[in-house]
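Subject: A structure for you to look at

Hi there,

Here is the structure I promised to pass on to you. Please open it and keep it beside you while you read the rest of this email.

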Amino acid sequence: MIDITSLSSVWSPRLGKWCATWLGPARDHLEWPAEGIETLSALPKLAAKILITVLIGGFLGATLVRLAPGFSVDEEELDARLSVSSIRALREARAGDANLVVFYFRYLGRLLHGDLGFSRTLQRPVLQLVAERLPETLKSVALGLALGWSAGLLLAVAIVMSRAWYLDLLASLLVGVLLCLPAAVLALLFVLAQAPSHLLLGVVVFPKIFRYSRNLLTRSSALPHVLTARAKGLGNMRVLVWHILPTAAPQLLALLGVTVSVAFTAAIPMEALCDIPGIGQLAWKAALGRDVTLLVHLTMIVTLVTLVANSASDIIGKTFRASEA
Amino acid sequence: MKWARTAAIVFLLVVSAACLLANVIAPASYAHQFRDEPNASPSRQHLLGTDDLGRDRFSRVLYGTRVSLLLAPAAALLTSLLAAFIGGLAGFAGGWVERLVMAGTDLFLSLPWLFLLITVRALLPLNVSPIISVLITFAMLGCLGWAGAARIICADAGALAQADFILLARASGSNGFRLLWRHLVPNLKPVLYAQFWISVPVFILTEANLGILGLGVAEPLPSWGSLLRELESFSTASAQPWQLVPLILFILVVSSFHLVLSKEELPV
């Protein structure tokens, strides 16, 4: 165990002093598990990893934008009112972009200034489009994840604890069918049934969570210490909360990051077919219009969000495992 | 669940045979339009009726299933081979090669699948002939789906490279390609087999998603994507339940692929 005052001194001497003064004798009780500190010290490494991934992803994205059909052609050049010298000036302004490395650094510079380029199909700045539509998608994803996780986990817990074979069979059949349906078909069925489209992501995520967590909980409930706890007469709820869930928690937390990616992926057909103005619909429109600039930026934004979600679930899982140990 | 696995294999064989014999079984070509009979009900001539353009739905289901059932396994094979090559080589070489390849794989895996697919699809021409669109769609799936499998194969190849029999083979003079081909690859077969069967339904589902979004196989060639897209006009559900046949067949085929792998072969 590490004293919280000494820990805060490592981060900032001022913070350490503040802790020593204000916490006083109480600081002896405020201790942090050493394993948790290791996890925290891994944060900069993780941030660096995300940054490198984004930079490489950005380079690949810039390469795609640079190689996209029609990159070197500007609509302005078709304006009959422009003189030959004006057209030449336009071409010279873009001449630097011919070199991929130069293009990448210029592109990166523009990104750092918040300039994500211009959407060819929608004739608007990409940043503006993303700012308008991202909240809608984030809302759908959050709602879908909350719904999918609650339903999937609760059903898995109910089946593992009750050991009711008929419930297991019914749930397995339902999940089996849902896993065989593409998100786009589910979206069409939601439209036909006039069901609230925001729930669709929950239906897409639910079978994956249910299947994974049921397998995990079944495995955890067969562990020797759980059997011993049962044999000693512990109630179902206590066995679940104190013995089964803590064993399965790190792996379930790892699944949380994966489901964020699944939900974002399913957002494309959902928003395209249910007419929800989010970034999924934007990506679909961009793909149909071959607007590579817009598509690449959308892919990078979603990649960044999923990377952060994966890393966060990873860190929480590690901290949980460390505190359990 | 052995019976379920056997039933799934038999069902897949029957469907595959029917699709391969589509030229013989189908009453009409998938593109032929019976202009006097749009949206016709099932009859002796049109077992599943016709669509809004008067095309025989049963023929389109047969040909569409053939496209998906032939090309999804082909794409899965391409993915498995790429994964075997990249993952196997990285795991066998170890050290910085493995770290570099796995970093690339991680980068690839962090890209959201459908976003990546539609980005690559947007880079390729959209107005192409149906045959080219089929090839583009499935080649793209095959070329982009290797990362997850490569990770698993790399881990397995790394473990195998440390095994006693490999040490023994090295000691008896085997090295390089011979060691890889004669000793490592045969032991990776079960993992490759599992990855292949996992990839097939994933690719069928992805093609359906792309097709419904209008980014998959081009008309008039049918695929499951375009067949399921017909559900958009399903407002007459009570009057035309036979429109649901492609969906039911789709669910049965995908679940059969899920059942082909035994529980032990599947990841958790």
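You will find A:Asp275 in the loop between α12 and α13 (279-288) of chain A. Its phi is near 55 degrees, a positive value in a residue other than glycine. Please bear in mind that this is a predicted model.

Now for chain A as a whole. It holds 14 helices and 4 strands, and 31% of its 325 residues count as buried. If you take the contacts in chain A between residues at least 6 apart in sequence, 73% of them join residues at least 24 apart.

A:Thr121 sits in the loop between β3 (118-119) and β4 (124-125) of chain A. Leaving out neighbours within four places in sequence, its contacts are A:Lys285, A:Ala286, A:Gly289 and A:Asp291. A:Val292 is 171 residues away from A:Thr121 along the chain, and their C-alpha atoms are separated by 9.9 Å.

Next, the place where the two chains meet. Chain B brings 31 residues to the contact and chain A brings 40 residues. On the chain B side, α4 (95-110), α5, α9 (176-212) and α11 (245-260) each supply at least two residues. The largest share of that side, 9 residues, comes from α5(B). Sorted by class, the side of chain B that touches chain A has 23 nonpolar, 6 polar and 2 charged residues.

Helix α5 (residues 113-123) of chain B is mostly covered, with 8 of its 11 residues buried. Among the buried ones are B:Phe115 and B:Ile118. Both of these touch A:Ala283, which also touches A:Ile268, A:Leu295 and A:Leu298, not counting residues up to four places away in sequence.

Within chain B, have a look at α4(B) and helix α7 (residues 146-161). Their axes come within 9 Å and cross at roughly 155 degrees. The two helices are therefore roughly antiparallel, since that word is used for angles over 145. The crossing is left-handed. Residues that meet here include B:Met102 and B:Phe108 from α4(B), and B:Ala150 and B:Cys154 from α7(B). The residues of this contact divide into 6 nonpolar, 3 polar and 2 charged.

Finally, two loop details in chain B. A cis peptide bond joins B:Glu219 and B:Pro220, with omega about 5 degrees, and B:Pro220 is in the loop between α9 and α10 (224-229). B:Asn39, in the loop between α2 (22-25) and α3 (57-93), has a positive phi of about 55 degrees although it is not a glycine.

Enjoy exploring!

How values were computed: Residues are numbered from 1 along each chain as its sequence is written. Chains are lettered from A and ligands numbered from 1 in the order in which they are written. This is a predicted model: local features need pLDDT of at least 70, side-chain atom pairs count only at pLDDT 80 or more; totals for chains, interfaces and linings use all residues. A residue is buried if 20 or more other C-beta atoms lie within 10 Å of its own, exposed if 12 or fewer, and partly exposed in between; C-beta atoms are placed from the backbone. Two residues are in contact if their C-beta atoms, placed from the backbone, lie within 7 Å. Ala, Val, Leu, Ile, Met, Phe, Trp, Tyr, Cys and Pro count as nonpolar, Asp, Glu, Lys and Arg as charged, and the others, Gly among them, as polar. Axes are lines fitted to C-alpha atoms, for helices over the stretch in contact, and angles run from 0 to 180 degrees between N-to-C directions. Angles under 35 degrees count as roughly parallel, over 145 as roughly antiparallel, 65 to 115 as roughly perpendicular and the rest as oblique. A crossing is left-handed if the near helix is turned anticlockwise from the far one by less than a right angle, and right-handed if clockwise.
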